Amino acid sequence: MLKKMRSLSRPIIWVTAILFIGGMGTMGISQIFTEHKQYVGEIAGNKIQYDNFYKMVQNAYSDYRQNNPDEVIDEEKMRGFNDQTWDQLIQKIVLEKAIKKYNIKVTDQEVAAKIVNDPPPMLTSHESFQTDGKFDKAKYLQALQNPEIDWSWLESYDNRLLLYEKFQNMLNANIIVTEEEVKKDFIGKNEKAKAEIMIFSPELIDSVVVTDAEIEKYYYAFKDDYWKKAQRKLKYVSIPLIPTVEDIKHVENLINDIYKMLEEGDNFDELAKDYSQGPSAPKGGDLGWFGKGKMVPEFEEKAFSMKSGEFSKPIKTQFGWHIIKLVDTRTKDDVKEVHAKHILLKEEPGADARKNQERFANDFYDQCQVDSFDVIAKKFGYEVKESKEFGDERSYIPGIGQAKILLEFAFSHDLNQICEPYIMKDNNYVIAQIIDKSNAHYETINEVEDAIVPKIEKIKKMNLVKPIADSIAKQINADNFTTIAEENELKI
């Protein structure tokens, strides 16, 4: 447990818990972040350095990626990381200045009491401090007294949290709420009304004529809407890193050797700690209790057919090779559950697999110099994919991911040029060809005419509908509302 406990000593990323500062983020941070400047901006007299801000955004991205490994992080999501980080900086800096201004302080005794009596959620939910899935305060208090664990981060965390809480309490104490405000709030939350709305839709007008002159007038009135930044588009192949036959055979031999060790009496938990590659390895391969539907079919079928204390022969699933040990069974809420452990060995690529992958990538690139990209891809058996259009302000290429070198290549080379093999964070090689290239420009009237015409049609129809609505409105009263709507075929 000590090893896990030491992991808790790492600095905790600031979580700003007080959200009462509003309307502060007026700066267009998601726009200026795309320009490399020494400072991204200034908050309450504090200049925010670009490099520091960039690292904070990268931390936010890494945390999100770790918790959502399968989600595609698009441009909008990356802008969200920028804006979220900026908002957190505003809250932190303005709060700290306010705390200093009002001379708010906390004592060592207050911090100590909070550490002992009010541990934060990241600790109460940590497995090191739990017994049967619930927070065990005795374990927590014992760990606090362990001199090998550095708890200075928790002291700093609680000190700042108490400062924030005292400041919030000071604000609340100075807020005066009148009876009129209470009454208004109550009515707003509790008084309900039901209304019928007569809709005068532009669809009431069958059709209108849009002239070339109207299209041209609209285009020049909103020409900035049709400015397109420089764009590129790639087609590409992805060359995965896959285990060799030797890698696969090695894992199979090793799992069989481990099975023999178990047959000879070796301890299952110790072998799991030494060999298993699953997240349960430090716990001796313990998976806890689970019912049917929680595991892949091959694993589940075997686990539910075993006797308590029994371990299985090696079985293979999509995750690799497993040896399962059944600890116990039970029926909970009329549902059968098993408590099992396992040793997992994954079929992972070795050094030869990496060499093969690199050789395939270089061979593909070399052959593309003398034949077409599509022909070589077909010859190698690789699927050719196309990215969506992207601009040079992006850090992310749709379909490919974050690839700064590919991005720079796309905007510094000519049409049809092919990049050298580029290795991604997921260890796959990508080879790409520029298939579309456009410089910054205004789209022509002909290019945007199909988009402009419906907008003009709607404006003209609404102008024709308005007099009809005005005329009918004069005839309406509470008694004839529905009748008039029906007579005029209006939607309520």
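Reader: Which strands does helix H14 (residues 351-368) lie across?
Author: H14 lies across S6 and S15, running at about 30 degrees to S15. Helices (H or I, at least four residues) and strands (E, at least two) are DSSP runs, numbered from the N terminus. The angle, from 0 to 180 degrees, is taken between N-to-C directions of axes fitted to C-alpha atoms, for helices over the stretch in contact. This is a predicted model, where local features need pLDDT of at least 70 and side-chain atom pairs count only at pLDDT 80 or more, while totals for chains, interfaces and linings use all residues. Residues are numbered from 1 along each chain as its sequence is written, and side-chain values use heavy atoms, with hydrogens and water left out.

Reader: What makes S11 and S14 edge strands?
Author: The open sheet has four strands in the order S11-S6-S15-S14, with antiparallel pairing. Strand S11 (385-386) and strand S14 (422-423) each pair on one side only. S14 is joined to S15 by two bridges, and Tyr422 stands opposite Val430 in S15. In the hairpin of S14 and S15, five residues sit between the strands, and Asn427 takes a positive phi near 75 degrees.

Reader: Why is Ser438 called buried?
Author: Buried means under 20% relative accessible area (exposed is over 50%, partly exposed in between; 1.4 Å probe, protein chains only). Ser438 has 18%, so it counts as buried. Ser438 lies in S15, a strand with seven of its ten residues buried. Not counting residues up to four places away in sequence, Ser438 touches Ala230, Gln231 and Arg232, where contact means heavy atoms within 4.5 Å.

Reader: Is Phe409 buried or exposed?
Author: Phe409 is buried, because its relative accessible area is 12%. Phe409 lies in helix H16 (residues 404-410). Leaving aside neighbours within four places in sequence, Phe409 is in contact with Gln417, Ile418, Cys419 and Ile434.

Reader: How do H14 and H15 cross?
Author: Their axes come within 9 Å and cross at roughly 145 degrees. H14 passes H15 in a right-handed crossing; a crossing is right-handed if the near helix is turned clockwise from the far one by less than a right angle, and left-handed if anticlockwise. Phe360, Asp363, Phe364, Gln367 and Cys368 of H14 meet Phe373, Ile376, Ala377, Lys379 and Phe380 of H15. By class, the residues of this contact are seven nonpolar, one polar and two charged. Here Ala, Val, Leu, Ile, Met, Phe, Trp, Tyr, Cys and Pro count as nonpolar, Asp, Glu, Lys and Arg as charged, and the others, Gly among them, as polar.

Reader: What makes H5 roughly perpendicular to H8?
Author: Helix H5 (residues 108-117) and helix H8 (residues 152-173) pack at an angle of about 110 degrees, with their axes 9 Å apart. That angle makes H5 roughly perpendicular to H8, because 65 to 115 degrees counts as roughly perpendicular (under 35 is roughly parallel, over 145 roughly antiparallel, the rest oblique). The contact of H5 with H8 has five nonpolar, one polar and six charged residues.

Notes: Pairing = 2+ DSSP bridges.
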